[in-house]
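Please open the structure in the viewer and keep the selection panel at hand. The stops below proceed from one selection to the next.

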Amino acid sequence: MTRDAKARAMALSALAHWGGATEAPRLVCHRENIVFEATLRSGAHVALRLHRPGYQSRAAVEAELEWCEALALRGFATPRPVRAVNGRLTAHLERRSVSCVEWLEGAPIGAGDQPLSQNPDAVSAQGRALGQLLAQLHNLTDDGAAPARFKRAEWNAEALLGERPLWGRFWENPTLSVEERALLLAAREKALAVLQIAQDYGPIHADVLRENVLAGPDGYALIDFDDCGAGYRLYDLGTALVQGVGDPMLGVLAKGLVAGYTAHRPAAEAQIALVPAFVALRSLASAGWVMTRVAPDDPRMRAYAERAVVMARHLLDGTAPWEWG
């Protein structure tokens, strides 16, 4: 039986917890999480998620879904969880937590290997819309959408920069030269100092990459809260920009993002100069993340390391990879 065939068999078993489906589910992606599109016998159009084993506990997945449920009830554009027939947010099957969320129509606003549009107005509008979405996420969370018990790993200083970062010891990326490793370690010390002055801390998405933002008929929506947890709010902004490092339109995107965010969360204006440092923080984290995902000779291993080196230099110099203007 092929890998995908095994996943389909698992999905059919999992769907029984939601009353079954009207037809065979459609495989959407088979990566760390396995996602299927399905229509339940109740008529609900859903995304069935088979969560990766060992990454989040069942309690942590349910905490994620409780947050998304509260956000959706307050009008935030994110998939609303669909509860199983027993009322729970998840089921458990073959070492995996399983969940269903409402299917959202739309297409990702981009991917990591795609350049930004060369139309400044389009890029600025994209940044503003994304900044508004993140401000709404943080505002609604602070206004009561956060679960009473948020059982998730935190994106704090220890998780990002400690001896055992959540995504791995990025300074040990095997493609780094001796000099580059020293540079990343120096940047790590500088980043720790930055976090001491960062003030806004609370539940964050933590993975606001282009593929996790859908452009649909009603505007932008945010999906895939798999990495969410309490953390620095500016980390969400840094993550939204990290895929554009090296792109000539990054400055336009950054200005639009900041304008959209601060228009709806004005208190953030006082610390917006820290955004480039949080782009660096995400770059460092990603250089560790890739170490457990690809072979040492995979081109992505070096690409993530090079981006981390670029951003480490900016962090140490106190500069941004764009002109604020």
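**Aromatic pairs**

A search of the whole structure finds ten aromatic pairs (rings of Phe, Tyr and Trp, the last by its six-membered ring, with centres within 6.5 Å; planes under 30 degrees apart count as stacked, over 60 as edge-to-face and the rest as tilted). This is a predicted model, in which local features need pLDDT of at least 70 and side-chain atom pairs count only at pLDDT 80 or more, while totals for chains, interfaces and linings use all residues. Residues are numbered from 1 along each chain as its sequence is written, and side-chain values use heavy atoms, without hydrogens and water.

Select Trp155 and Tyr235 to begin: the pair is stacked, because the ring centres are 5.7 Å apart and the planes lie at 20°. Trp155 belongs to the loop between α3 and α4 (157-161) and Tyr235 to helix α6 (residues 233-242), so the pair ties together parts 80 residues apart in sequence. Trp155 is buried, at 2% relative accessible area (buried means under 20%, exposed over 50%, partly exposed in between, with a 1.4 Å probe and protein chains only). Tyr235 is likewise buried, at 1%.

**Charges over rings**

Then move to Trp171, where Arg188 lies over the face, 4.2 Å from the ring centre.

Notes. Helix = DSSP H or I, 4+ residues; strand = E, 2+ residues; numbered from the N terminus. Lys NZ or Arg CZ within 6 Å of the ring centre and 35° of its normal.
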